[in-house]
Amino acid sequence: MRLMRLMRPMPPAGTKASAPTVSVTVDFDSSVQSLGALEAAVYRLIGIATCQIERDADRFVCHLTSKSASRTPLTGVELKERFLEIVCDENLRLRVAERTDGMRNVILALAFGSLASSQGS
Amino acid sequence: MAKFLPPEAFSAAGDALSLLPFNFERIGSTNEYLVANLVGDFVRLTQTELDRLVDLQLRPGDGLYERVYAAHLVTRKGQQSQRQLLALRLRSRMSFLRQITPLHIFVVTLRCEHSCPYCQVSRQSSDRSRFDMSEDIAQRALDIAFQSHSPRIKIEFQGGEPLLNFSLIKEIILAARDRSITTKKAVDFVIASNLALLDDEILTFCKQNEVLISTSLDGPADLHNKNRPRPGGNSYDLAVHGLRRAKEVLGPDRVGALMTTTEASLDRVDDIIDEYLQLDLDGIFLRPLSPFGFAIKTKQYHRYDIEKWLAFYERGLRRIIEINRSGRQFREFYAALILSRMMSDRPIGYVDLRSPAGIGIGALVYNYDGSVFASDEGRMLAETGDNTFRLGHVDNDEYSSLIMSDRLVEAISSSLTQCAPECSSCVFEPHCGADPVYHHATQGDALGIKPLSAFCARQKGVMRLLLEILETPSDAAILRSWAT
């Protein structure tokens, strides 16, 4: 029987016994890193850490603090690594969205909008 | 002169391709991704392959081109067939919206002779006049139910224990059958009962009127009786006897049972499944507790978390697959619902697996006192003082005023997964759903913060497990047979 999980379990809804918090700071060049992707990454991380984003000259500075009640306590290195992975994925999502939003709208219009009725006729 | 052009003449250049919409999610800590197209067909890609896809570094014959083309992740510029196909499939998947309010739940009484600590409806044990639905309210509720535009409706009787007010059930069924003839609207009936009060007279009436029976069975006698106490401590005996009699009289496919997972169930999943097998039931619905009613008051809901439930569920599901491998057909119904979403484009009306949410437009609940709620869980919340999902009253409202009420429109529109943070880019979104009542109850917000949501954790956990099992061909064949 294979017990390997397909993906990393998502942060659970409940809380467990407190673990010590860790804090790390990660900064990005604001000329190449979008704030939207950082905010989306922070949202995804909300179950295990909080994050305050500050603008410092040409840098976005992210102050990450793990939640003491998290079920999956992380070291500072792990927290930073996890955050960077999520930011990387969010950047990719933005790129995909930029290139596919128009097509998505066409498909939705074909399915439900005025194009649907014109197709029918 | 060559008769044929060279192979490259038939190749599509990368710049002749364009991306189709898709979502993705990193698989564990590896550099692999689960990618799903607009209608939720999954494909696994490495990080390199995903980068090549996004950059359209693809050539016919390179293997990746064929995989992503077949998965509707890229299309040729100017080609219409793929987007038309995706639109068609999307329209089919969302066509549950054409069946407006097919389910109407009548809470004919809030009284119950059981005293289950996890009861989600806050049953009452006394005062018949106060907690039973009156004939007038029932007739007005029927007026509203028959105003819904669905050509086929289902009337479900709930409680409390609805058989405590069986005389009203009879009246409603007979009146509904008369209206069915005049309105040409088909009607199905279900009684959700603990079966303790079931007798031959009730069964004969159910047989004559093609009434389905749904009951609760939490497992073996000791577990069931612990979860579902009643005077005499014989809930299990009565439920099992009622189940057997109902199957004899109504037919085996006219009776179903549901279980609820309590803390005491967590290490008993094999026993629970065995109980269902012994009763010759065709499957089981492994359900977690819901955060409503007495389940909150008695703190039952907080006695286990979603991780424990998922472990319980995984053990149960793998056991059920083993049972199927041995030749016995037996399904886990929640997995079957999700597999139907994953493997077909048929619309699934199940309220937890749809967005827009099924509140109101999927079901209306007529409470014993005439209040109308957007869902069964909504009336459960009301019994603990939260009237957020109360849409109106049978005396003051018509079907249209309930369905078009600002309260319902706001709850549905504010909980759409298609445009919710995280959900809108979630690889599982095409197979998931909004659950505004759950998120209102647990987070005070109809949309909810999904990274903190146990509902989200459950959906993702179950779907990840199913995808993992689908990688084993023999097990995949079993799961595919459930997706009917």
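**The second largest cavity and beyond**

Modeller: The second largest cavity has a volume of about 120 Å³. The model is predicted: local features need pLDDT of at least 70, side-chain atom pairs pLDDT 80 or more, while totals for chains, interfaces and linings use all residues. Residues count from 1 along each chain as written, chains are lettered from A and ligands numbered from 1 in written order, and side-chain values use heavy atoms, without hydrogens or water.

Rolling a probe the size of a water molecule over the atoms shows where empty space is left. Here a 1 Å grid is laid over the protein atoms alone; in a cavity a 1.4 Å probe fits but cannot get out, whereas a pocket is an open set with protein on both sides within 12 Å along at least five of seven lines. Points join across faces, edges and corners, and volume is the space filled by probe spheres on them. The whole structure holds two cavities of 30 Å³ or more.

The lining of our cavity (residues with an atom within 4 Å of a point) includes four cysteines: B:Cys423, B:Cys426, B:Cys432 and B:Cys456. B:Phe428 and B:Phe455 line it too. So do B:Glu422, B:Glu429, B:Lys450 and B:Lys460. B:Thr417 and B:Gly433 complete the list. By class, that is six nonpolar, two polar and four charged residues. Nonpolar covers Ala, Val, Leu, Ile, Met, Phe, Trp, Tyr, Cys and Pro; charged covers Asp, Glu, Lys and Arg; the others, Gly among them, are polar.

Now the open space. The second largest pocket takes in about 870 Å³. It has 41 lining residues; A:Arg104, B:Asn23, B:Gln418, B:Ser424 and B:Ser425 lie nearest its centre. They divide into 22 nonpolar, nine polar and ten charged. Helix α2(A) gives the largest share, ten residues. The elements giving two or more are α1 (35-44) and α2 of chain A, with β2 (22-27), β3 (32-37) and α3 of chain B. Elements are DSSP runs numbered from the N terminus: helices are H or I, at least four residues; strands are E, at least two.

Two of those helices meet. α2 (residues 76-112) of chain A packs on α3 (residues 81-93) of chain B at about 55 degrees, axes 8 Å apart. That makes α2(A) oblique to α3(B). Axes are lines fitted to C-alpha atoms, for helices over the stretch in contact, and angles run from 0 to 180 degrees between N-to-C directions. Under 35 degrees is roughly parallel, over 145 roughly antiparallel, 65 to 115 roughly perpendicular, the rest oblique. The crossing is right-handed: the near helix is turned clockwise from the far one by less than a right angle.

The chain B strands belong to an open, antiparallel sheet ordered β2-β3-β4. β2 and β4 (42-46) stand at its edges with a single partner each, so one side of each has no neighbour in the sheet. β3(B) pairs with β4(B) over five bridges, pairing needing at least two DSSP bridges. B:Tyr33 has B:Leu45 as its bridge partner.

Chain A has its own open, antiparallel sheet, β1-β3-β2. β1 (23-29) and β2 are its edges. Twist averages 20 degrees from strand to strand. Eight join β2 (residues 49-56) to β3 (residues 59-66); A:Gln52 partners A:His63. The two form a hairpin with two residues between them, and A:Ala57 in the turn has a positive phi of about 55 degrees.
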